Structure formats: structure tokens, C-alpha cells
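Here is a short note for someone opening this entry for the first time. Please keep the sequence and the 3D view at hand while reading.

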Amino acid sequence: MNLKGYKTVLIPLLFVLLLPSFSMLVLGYQFGDQVLEKVPFGVLDYDNSSLSRTLVQKIDENDTFDIKVYAETDAEIEESIRRGKIAAAIIIPNRFANDMMIGNNTPILMIYDNAQLSAAGTAKGKMSEIMSTLNMGSLFSALQSALKMSPVESAAMIQPLGFTTQLINPGKSSMMFSMHGSLLSMIQVTVFILALEITRRQDAFKPHIAIRNSVICGFLGTISAAVVTILQVTLFHFPFHGSKLAAFILIFLYLTGIAGLGIFVRLLKKDKQAAVEMIPILMMMMILSGYSYPLTSMPQVLQTIGGFIPFVHYGIPLRDIMLMGYGLKDVLPDIRWIIGFLILLWVGFLVLGVSRNRIGIFRGKGNKQQLLIRKKEAYDAETLVEER
């Protein structure tokens, strides 16, 4: 390989080894807290009672909210949302405190900007917790004062059923789910590009070279994925509860398959640029796999297609290994699927390689026969001239 060839391979190699880790550092420090905080918030207090002011104070003290607007009219709240000053707001009605004390229904209007869905969703969830606590406290006081109940009896009346929850993602952080999947998708794209660059089209028809290159690219991609995971766990405290061996096997087999897919596409496409056009399809695999949006909630046709998408058997089980503590036995069905995918690709290499060799032999024999015919024609022509 000449110097130009080395330079051509060096760039995608650096992409595989460095780009995902660099992206992990940037995203990790950008979203290091993992939970959205300081959501720009607005408040409109028509009641202006001691209870409503206490509620506003508690909202202001909560890390989730950053009150930017203390409005005096509904129109001011609406205008602030439209201009992007705030992502959500509450409107406290008149007689809020009085209604709470006598146990009447006291609706508090919450307005949020659906264009900032993550911020608005976080604010809505946290606001529901605050209001639930406030309602229970108000009812607790009412029962004690009106019915002369003891604190224990009041608590039993308010919440007669006890329950315990165990959250796999106690911080309710979407970054634990989405960031790792995005980085895994990035790694598969860089491995795909590297496989295209290190394999010349004429070499891709040699099965042993194609398989060797796919394994090399898969191993390099696995190193990159391991570095990314180590950064996530050590620097940004992402959980990793499952089997490291299962994660390694899953990553290596899958990325070897993606590299093999890149080489296979290189066989089918004479122009390397045409092969690169497959990259958007790879990027779509994460969306259609159900990683960020549940596959069961998609139309039936997309659920059927999703069963044949390799990322389904890579990203989702790897996420379950990290967050849910899955072991090797739990992901064996996905490993078997990926192995089948690999075998199918390698059989394709063999078939195309044998087919090309046979066509080459046939063409070689044809060329030899044509050469003999031409020599005979030339000899006949010379003989005819001598006879004359």
C-alpha cells in the first residue's frame, strides 16, 4: 500500500478510535448531571395568600425550576412562552388557600411549551410531585382539626395502601438511555466506513481477506466501545450492573458483522461513493430498532421490519446489560441471532468469491481460444501470400 493509501485508511481509523470517546467527553460534560435542572419557569399568583406564596417559594427552592417570570396577567405568561423565555408556567387561581383549607377542588393551571418537550416534561413531573405533597399535607391537617384524628390515623386514612418501588433509573435521566445508544450508533458507522476503506474491491472477492478485515475492524470498534463505556462509568457515574463478558461478546460480534456488511456492500458497488450512501440506512437502524421509542408502539409493519434489524439485537440487550444487570444467559438469543447474521455474510463472501473465480477462468479460456484463432488466421494469411 502506498503512502496515499495509508492516509486514506488513517482518517477512518482515527474516527473509530477517537471520535466516539471525544463525543462521549463532550456530551458527558454537557449533560453530566444526567437530570435536567434549572428549567426556565413562570408563575402567575392570583391568590397572593400565605399558602400560595409558600408554594411559589418551594418551587423557587427546587433545583428543577428557575423562575424567570413573575407575571401579572395570563397574556404575559403566554407571551413569555411564545418568545422562549420560559418552558412552563403555573397559574394559581383566586381563593386557592381557602379552597384548600375546606377541601374543595382547587385546580392549578399548568402551561408548557411542547416545542421544549424534555424541559416541559421534567417540569410537569416535578410539579405533580410538589402538588401531590401539598394536597396530602392539607388533607392531613384537615383530618386532624375537623375529625380530631391522631397523626397515625390521619396518615392511614390518606394513604391506606403502602407500596414500594424500585427504579432502574432512579434519577429519571433520559441521558442514561439515549446517550449510550447514540454513541453505539456512531461507532457502528465509523466501523462501516473503516471496512470500506481498508478493503480494495478486488481483494473483497477473496473470502479469507474479507473475513480477516471484518474481524480486524470489529476488534478495533470493540476497543472504541470499551473506552467509551469506561469513560461513562468512571467519569460520569453511569451504571454498569451486568456481565462484562456478555457485553464484550455482543459488541465484538455485532461490529464484526457491521464491518462485514460494509465489505459486502463494497463487493456489490463498484464505486466506493455509492457504498458510502448506505450510511444513512445504518443511522436509521437505531430509530427503527425501538431503542429510543418502543417497538411495540410502532405500526405493525415497522414491528415486523424491526425483527430483522441487527441493532435490535445489539443496542437494546447491551442497554439491559448495563442498566438491568443482564448476564450472558439473558442475551444468548441475541448473540445467536448476530452469529447467524455473521455466517450469512461470510457465506455471501464465499459465493461471490467462487462465482468471480469461475467467471475469471471462463473468460481466461475464452481469451486463450480467441488468441489461438487469431494466430491461425495470421498463419493462414501468410501461407496464402507465399503460395501466390
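With which side chain does the side chain of His 313 make a polar contact?

1. The model is predicted. In it, the partner of His 313 is Asp 334: their side chains make a polar contact at 3.0 Å.

2. His 313 sits in the loop between α13 (300–306) and α14. This histidine is buried, with a relative accessible area of 13%. Leaving out residues up to four places away in sequence, His 313 touches Leu 250, Gly 307, Asp 334, Trp 337 and Ile 338.

3. Look next at α14. Nine of its 10 residues are buried, so α14 is largely enclosed by the rest of the structure. Among the buried ones are Gly 315, Pro 317, Arg 319 and Asp 320. After α14 comes Gly 325, with a positive phi near 75°.

4. Leu 318 is also buried in α14. Neighbours within four places in sequence aside, Leu 318 is in contact with His 180, Leu 184, Ala 247, Leu 250 and Ile 251.

5. Now the largest nonpolar core, which has 53 residues. Phe 192, Tyr 254, Phe 311, Tyr 314 and Leu 318 touch the most other members. Several helices supply at least two residues each, including α1 (3–30), α7 (175–198), α14 (315–324) and α15 (332–387). The largest share, 13 residues, comes from α10.

Notes. Residues numbered from 1 in each chain as written. Predicted model: local features only at pLDDT ≥ 70, side-chain atom pairs only at ≥ 80, totals over all residues. Heavy atoms only, no water. Core = buried A, V, L, I, M, F, W, Y, C linked by side-chain atoms within 4.5 Å. Buried < 20%, exposed > 50% of the residue type's maximum accessible area, 1.4 Å probe, protein only. Helix = DSSP H or I, 4+ residues; strand = E, 2+ residues; numbered from the N terminus. Contact = heavy atoms within 4.5 Å. Polar contact = N/O pair within 3.5 Å; in protein donor to acceptor, adjacent residues only side chain to side chain.
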